[in-house]
Amino acid sequence: MLFFNYLYWHYVIAPVEIVKLLKNYSIATSRKFLIFGHLKTLFYPWHRLRVSDVAKPKNITDRVANVAVEAYIRLVAAIIRMTVVLFGVTVQITILFLFIVIFLAWLMWPALVFISLAKGITIIF
Amino acid sequence: MYFDLKKAHIYKALIFDKLFSVSLLRFASIIFVSLGILAGSAYLFTQQQNLLWSIITKFVPEDALVLLKNTDTQPLKDYADEYAQNLESYSATYEIASFAAPIFEPYFWVAIFYILSPIGASFLFVNIFFEFYLKKTIARDPKNLAGFLDYDSAFVMNNAITISNRLKENEISTDSLFIGIVDYEPSEIIFMRLGVSPKHLKKLLADSLGLNWSLLSKFSLYGKKNLSEDLMNLLVRANETRVKENRDHISVTDFLAPLFDLNPIFKQLVIDQDLDKTDLTTLSAWHEGNKARIDSKKRFWRIQNLIKSPPIGAEWTYGYPLTLANFTRDITLPIKKSGKEIPMVNREKELAEMQQILAQHNNANILLVGEAGVGKRTIVAKLAEKTYGGKTEQQLNYKKILELDITLATSSSKYRGDIVNTLTELLKEAARVGNIILFIRDLQNFVGESEGLGKVDITGVLIPYLQSSQLQIIATTDSVGYHKHIANNSAVATSFSKINVEELGKIEVFKIIADMAVEIEAKSELFFTYGAMKTVVDDADKFISQAPFPEKGITLLHEVAGYVQAQRRALVTTQDVHEVITKKTNIPLGAISASEKKKLINLAEEMHKEIVGQEKAVSVVVQALQRLRSGLAKEGKPAGVFLFVGPTGVGKTLTAKMLAKHYFGSETRMIRFDMSEYQNKDSVDTLIGSLELNQPGRLITAVRDNPFSVLLLDEVEKAHPDILNLFLQVFDEGWITDAFGKKIRFDQNIIIATSNAAANYIREMVRQGIDPSMQKEKVVDVFVSESYFRPEFLNRFDEIVIFHPLTRDHIRKIADILIHKLVKRLEEKGYYYKPDEDAIDYISNVGFDPQFGARPMNRAIQDKIETVIARKILEGTVKKGRDFTLKVEEIE
């Protein structure tokens, strides 16, 4: 009877829990890399630094220079944020891939055990 | 309701454990998985290193190497045969190579990996199946109580059934359940918390029930058996506890409270530890709470555990707090470093309110009002933990809470203009950075007209930021500070949302103390019994009035831990807590020693050595002390409230002093108020303080500074009626509130009021040969009819004690006592005075006045005897070391 209980757990209960685990890890990864947050604030100034806070423009040339420098700072900030976003997306995809592998391995586990044992014994003997 | 363990889901877990030995399974899974991983690593290593080749090349000549490189191991064997006799190293290599060659081959390890890993992983899955499915409480039939048992309680019930069978009971009794709990190793911690060692317990049960433990300890799956009515009742009540606490399972600790009612052996055991059923319920609730917290932390895959730290780059859209860093402390730093959750009990309401207010667009500022030590800072730290972890409102997530040190900021210059500029810059920066919530402690020191050391009025600087949406500020203050400095300043008061932080109740404080005790246990080798934890809370509540909960409880807990550690012991018991409190207060607590018992029983005799006559008064006082020490005094009221009435100079004050000496350890533990000084209505302010004049009251200060003392109210009938009304509440409730809103407790004071009211009536009764003590109602009638006291005032005394006028005999005895006190004093200085009877008679005549009683006696001894002795010492007629006496003519 315990054997049937195990089968029920293995093929009905556990797969649902694996999906829940995937959901938890996806949410955690999304939060950790702040994917949506960084995309929303992609071109925001880096730590709210503005050139005009440091160098007050005295004439039109200064103003143009300030705008150029600020655009450059924002671009660099965007690149840094985008790097984090891409890294986060990569991690998300990796997690998804791993979970799919784990999920499939879970469903095929009895067969996998048999194949693995057979292969191991064959290699030795 | 019924009970059938076999039909419960949890029974499968018991069968599984019996068949497969879960601990062995767990061990096997670890070993196999580890070996599998090891095999995989070895495969990679051997493939990379070609290990066999590197060993062989150390020992075998080059031509053989060429051969070996291109063939399998057989040539090596042939080669080794040829050189075996001469070259030991070759033979060693041969042996290694032929026998152990496979372990140096990658294929070997691949095979081991293929075999061990799936076996190990399968064991692991079976383990997970057991832990997370079989052991889960699933109640398919809500009428079957067994369906609600958790694994431990199911194991214990099964144990009980087995034991019942071995004891040949017709029905399973509560005794069997008790034995089942004792016999289950994980339950040992519960009994240790109760202060009972499992060894002692087993002996107790062996003696009471005639058990042989060695025969009982074999676990087996049970056959069907009926439960006794008591046991069924127990299970029903355990289930009710489960429902009340909103849990899905019945645990072992749920059995304890009903077992107290239904099993006399367990009941006596608990009572012997000075505990009761309520304590078992509290212990159970705390134990379950702890277990749930530990289980929750272990489940690392839960979303709450996965999102503990803030995201990468959360701060990139906010500014740098460069100047602020010099004048603030980041409250989230200790949280980041320790990674531990800040424990907080019963402040969820305040925390939720704070988050709601801070998330507002305007006036998002909070003022926490509460006494120092109630936990305002802990609430702010908890909020910091939530914002750091992103577990609060979206507008607050990932914000930092910085504690602003205004004193440091204002000490940067002595000019007010500079100070204002510094503060303005700091606030401007905080607003500009964008993710800062400023925390200001003791705001009352920085608002209002009061200037002084460390105080400056920053209202002007603060208000624009309080009223804007750019910055959020949390400030703390106490009740007195709020009413004095902030409430009247409408601009400041209206900019804050006030949240009162009240002192926690004993139940909440117990949870804090218990959790903290567990933390201390983890760092030291101490173990706190439940009784010790409970006594910390009870004794802190009764005997420490200078600070509120939880601070006073926490302080006492650390003191007790330090005390026990200094004695190099490991177990902290109730007695240790009592000893620490006794050292602080001089009040004897805890178990009464044999010598103390003897002293209490003979106390009347002891007191009569100094108090002459007044048998009834002494008897009343002694009885009160005996009740107090036996723990029978009423909770929440003063330890005793007495009215001593009688003529002047008959021993009323002396009796009060004796009471202070015998209960509080010294005659000096007495606060005396001459109530004739409080005859005006304004005197109430003198006693309880004045907010307008910012003056604390004399009574309040005296009692606060001396909480364990006799409070003597002399000539109470002379006090203004408003003063007597004040004491109505003190006598009844044991506390009053001073002018500043602080509660002052009198439950550790013995209050004695003295009065000469109706003295003449009492004298007349004595003259007529009537004992006033036996006609107390008549004396009380005089008090009321002559308007000395109102009936409701008289009603609040535990006892009205009538002191008799002194007789001649009494006077002589008093003279004798006082003269012998003088003799002792002189002896200490080396002079041996032998008073004769005539001298004592003379002194008793001159030292007594019908109007003033025995009061002039001391003066008479001083004038008549001491003066003469002093003169004789100076003249040289009285010398040290020699006896002398004084004739009546010399002292007249």
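Here is the chat that followed.

Q: Is this experimental or predicted?
A: Predicted.

Q: OK, what are the ipTM and pTM?
A: The model has an ipTM of 0.88 and a pTM of 0.78.

Q: And what pLDDT does chain B average?
A: Chain B comes in at an average of 85, and 91% of its residues score at least 70.

Q: Switching to contacts: how many residues does each chain put into the contact?
A: Chain A gives 32 residues and chain B gives 29 residues.

Q: Which helices of chain B each supply at least two residues of that side?
A: Those are helix 1 (10–20), helix 7 (106–134) and helix 17 (303–306) of chain B.

Q: Which helix gives the most there?
A: Helix 7 of chain B, with nine residues on the side that touches chain A.

Q: What's that side made of, by class?
A: On the side of chain B that touches chain A there are 20 nonpolar residues, plus six polar and three charged ones.

Q: New topic, how is chain B divided into domains?
A: It runs as domain 1 (22–132), domain 2 (149–298), domain 3 (324–500), domain 4 (506–588), domain 5 (595–802) and domain 6 (808–891).

Q: How many residues are in contact between domain 5 and domain 6 of chain B?
A: Seven residues of domain 5 of chain B contact eight residues of domain 6 of chain B. By class, the domain 5 side has three nonpolar, three polar and one charged residues.

Q: And how far apart are the C-alpha centres of those two domains?
A: For domain 5 and domain 6 of chain B, the centres lie 32 Å apart.

Conventions. Residues numbered from 1 in each chain as written. Chains lettered and ligands numbered in written order. Predicted model: local features only at pLDDT ≥ 70, side-chain atom pairs only at ≥ 80, totals over all residues. Domains from an automatic or database assignment. Contact = placed C-beta atoms within 7 Å. Nonpolar A, V, L, I, M, F, W, Y, C, P; charged D, E, K, R; others polar. pLDDT = per-residue confidence, 0-100. Helix = DSSP H or I, 4+ residues; strand = E, 2+ residues; numbered from the N terminus.
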